[in-house]
Amino acid sequence: MTIAPEELRTLGNTALLQLPKTAFFCSRVYPTCAERGTYLWALEQRYRGHCIISGFHSQLEQSVFRYLLQGAAQPIVYVLGRGIQPKLRFEYGPEIDAGRLLFVSPFEPDTTTVTPETADIRNQLIAQLADKFFVPYVTPGGTLEHLLLSPSAQNKPVYTLNIPENRDRLRSGAFLALQPNGVFGRDAYKPNY
């Protein structure tokens, strides 16, 4: 599935779509050991000013979104599984006015609820727009795993945490492990790209 740019509704700085973008996804149910590495990854992204694109739907994704918003120059593309509602302008006005936040939706404003179908379209759009992926954990056989195997995600690198729950995927070569980095000390994580 490919969505043409003219089919998108936007609120915010559309120039963010021209930046290299890392898609951030995490399954709704994930091992707690994934949290620390994910937060360190988010810290690294904010420090470096990398553009993150996500639907920020799962609990961990929402936590990372709130953290990224605290970065004064952090570029964020938030893809919605529903239409863009007027209240977003009031809620995120300073970030939108600063040019560092863009809301994107393939849906009309009268689509007010996220359904499994609209969530799937949102996720396909994120995969289409992303250059690479960071996925701290994927439930085997789940919808996120199917997304990462879809044509929209093909030939794009997928990075994950080196935790026991991800070992099979890392061994199969489906995902690339994050490597330690010295910016935030020996325990920080940095994508190997």
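Colleague: What order do the strands of the open sheet have?

Modeller: The open sheet has eight strands, in the order S1-S5-S4-S3-S2-S6-S7-S8, and the pairing is mixed. Strand S1 (9-12) and strand S8 (176-177) are the edges, and each pairs on one side only. Two strands pair here if DSSP finds at least two bridges between them. Strands (E, at least two residues) and helices (H or I, at least four residues) are DSSP runs, numbered from the N terminus.

Colleague: And what are the ground rules for the numbers?

Modeller: This is a predicted model, where local features need pLDDT of at least 70 and side-chain atom pairs count only at pLDDT 80 or more, while totals for chains, interfaces and linings use all residues. Residues are numbered from 1 along each chain as its sequence is written, and side-chain values use heavy atoms, with hydrogens and water left out.

Colleague: Let's take S2. Which way do S2 and S3 run, parallel or antiparallel?

Modeller: S2 and S3 run parallel, joined by three bridges. Lys21 has Cys51 as its bridge partner in S3. Thr22 has Ile52.

Colleague: How many bridges join S2 to S6?

Modeller: Three bridges join S2 to strand S6 (residues 132-134), and this pair is parallel. Ala23 stands opposite Phe133 in S6.

Colleague: What do S2, H1 and S3 make together?

Modeller: They make a right-handed β-α-β unit. Right-handed means that, with the strands pointing away from the viewer, the path from the first strand over the helix to the second runs clockwise.

Colleague: Now H2. Which of its residues are buried?

Modeller: Leu60, Glu61, Ser63, Val64, Phe65, Leu68 and Leu69 are buried in H2. Their cover includes strand S2 (21-24), helix H1 (33-48), strand S3 (51-54), S4, helix H4 (93-97) and strand S5 (101-105).

Colleague: Switching to loops. Where is Tyr30?

Modeller: Tyr30 is in the loop between S2 and H1. Tyr30 counts as buried because its relative accessible area is 15%. Leaving aside neighbours within four places in sequence, Tyr30 is in contact (heavy atoms within 4.5 Å) with Glu35, Leu60 and Tyr137. The C-alpha atoms of Tyr30 and Pro136 are separated by 8.5 Å, with the two residues 106 apart along the chain.

Colleague: Is Asn155 buried or exposed?

Modeller: Asn155 counts as exposed because its relative accessibility is 80%. Asn155 is in the loop between H6 and strand S7 (158-160). Phe56 counts as buried because its relative accessibility is 1%. Phe56 is in the loop between S3 and H2.

Colleague: How do you define a pocket and its volume?

Modeller: On a 1 Å grid over the protein atoms alone, a pocket is an open set of points where a 1.4 Å probe fits, with protein on both sides within 12 Å along at least five of seven lines; lining residues have an atom within 4 Å of a point. Grid points are joined across faces, edges and corners, and the volume is the space filled by probe spheres set on the points.

Colleague: And the second largest pocket, which residues are closest to its centre?

Modeller: Phe56, Tyr78, Leu80, Arg82 and Tyr92, out of 19 lining residues. The volume of this second largest pocket is about 320 Å³. H2 gives the most to its lining, with four residues.

Key
Buried means under 20% relative accessible area, exposed over 50%, partly exposed in between (1.4 Å probe, protein chains only).
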